[in-house]
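Here is a short report for a reader meeting this structure for the first time. Look over the sequence and the model before reading on.

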Amino acid sequence: PYGQGRNTFHNFNPEGSFYVQDRWEYEGMVVNAGIRFDFFSPGGGVKVELNSEDVPRDITRWQSQWSPRLGLAFPITDRDVFHFHYGRFIQFPDKNFLFASQDVNAAIGTIGNPNLQPETSISYQAGIKHQFSNTVSGQFALFNKDVYDLVSSIQVTDDSTGQTPFRYVNKAFASSRGIELSLAKAFSNHFATDISYTYSF
């Protein structure tokens, strides 16, 4: 009654994080720095069921990562401010990718992989903000973002059955870079507005 694509799992997996941040100011310069610690486990109730020489059977029970963040801004002139930001970010895999059935004989599509690594993003941004008047300011910024260990799938062979299902793996990479232009008018004379444009690859 559920169709051929039914996929049921019940699992407990612990995960958590903590973050600390501080701010420094000195003669117009502002520095924000922080670091985040994330930890994750697929839990003790999973194992690699696929029987293949190309697939490691040991499961990484605990994964963790330190992710630093840094932002700074300082005045160039009395109307111009330079700002820079660096950040490292982590995102653990979707539970469907981790715990989907590994039964190669069932017609459920791509099989799960409890050994998936977290997706990691590293981003940079630098820009200049200029004050045209007491109420109008503009900003020009350049940004770059790289994303590693995105989830994809590959075909694998189960040696015991000869089946060749697809299995979730960390394989894909992505990047984004471009410029941002914005113009803002603070509220005055009963009117305020923000206009922005982004061009990116």
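## Strands β5 and β6

This is a predicted model. Start with I122, whose bridge partner in β6 is D146. The two strands involved are β5, residues 119-131, and β6, residues 136-155. They pair in the antiparallel sense, over 12 bridges.

Strand β2 covers residues 29-40, and strand β3 covers residues 63-75. The two run antiparallel and are joined by 11 bridges. A33 stands opposite L70 of β3.

Strand β3 also pairs with β4, which covers residues 80-91. That pairing is antiparallel too, with seven bridges. Here G71 has H85 in β4 as its bridge partner. A hairpin of four residues leads from β3 to β4.

## The whole sheet

These pairings belong to an open sheet of eight strands. Its order is β1-β2-β3-β4-β5-β6-β7-β8, with antiparallel pairing. Strands β1 (15-26) and β8 (191-200) are the edges, and each pairs on one side only. On average, neighbouring strands in this sheet are turned by 15° against each other, direction ignored.

## The largest pocket

The largest pocket holds about 160 Å³ of space. Its lining includes T8 and F9, then G45, V46, K47 and E49. L98, F99, A100, S101 and Q102 also line this pocket, as does P114.

What classes of residue make up the lining of the largest pocket? Six are nonpolar, four are polar and two are charged.

Definitions and conventions. Residues are numbered from 1 along each chain as its sequence is written. This is a predicted model: local features need pLDDT of at least 70, side-chain atom pairs count only at pLDDT 80 or more; totals for chains, interfaces and linings use all residues. Side-chain values use heavy atoms; hydrogens and water are left out. On a 1 Å grid over the protein atoms alone, a cavity is a set of points where a 1.4 Å probe fits but cannot get out, and a pocket is an open set with protein on both sides within 12 Å along at least five of seven lines; lining residues have an atom within 4 Å of a point. Grid points are joined across faces, edges and corners, and a volume is the space filled by probe spheres set on the points. Ala, Val, Leu, Ile, Met, Phe, Trp, Tyr, Cys and Pro count as nonpolar, Asp, Glu, Lys and Arg as charged, and the others, Gly among them, as polar. Two strands pair if DSSP finds at least two bridges between them. Axes are lines fitted to C-alpha atoms, for helices over the stretch in contact, and angles run from 0 to 180 degrees between N-to-C directions.
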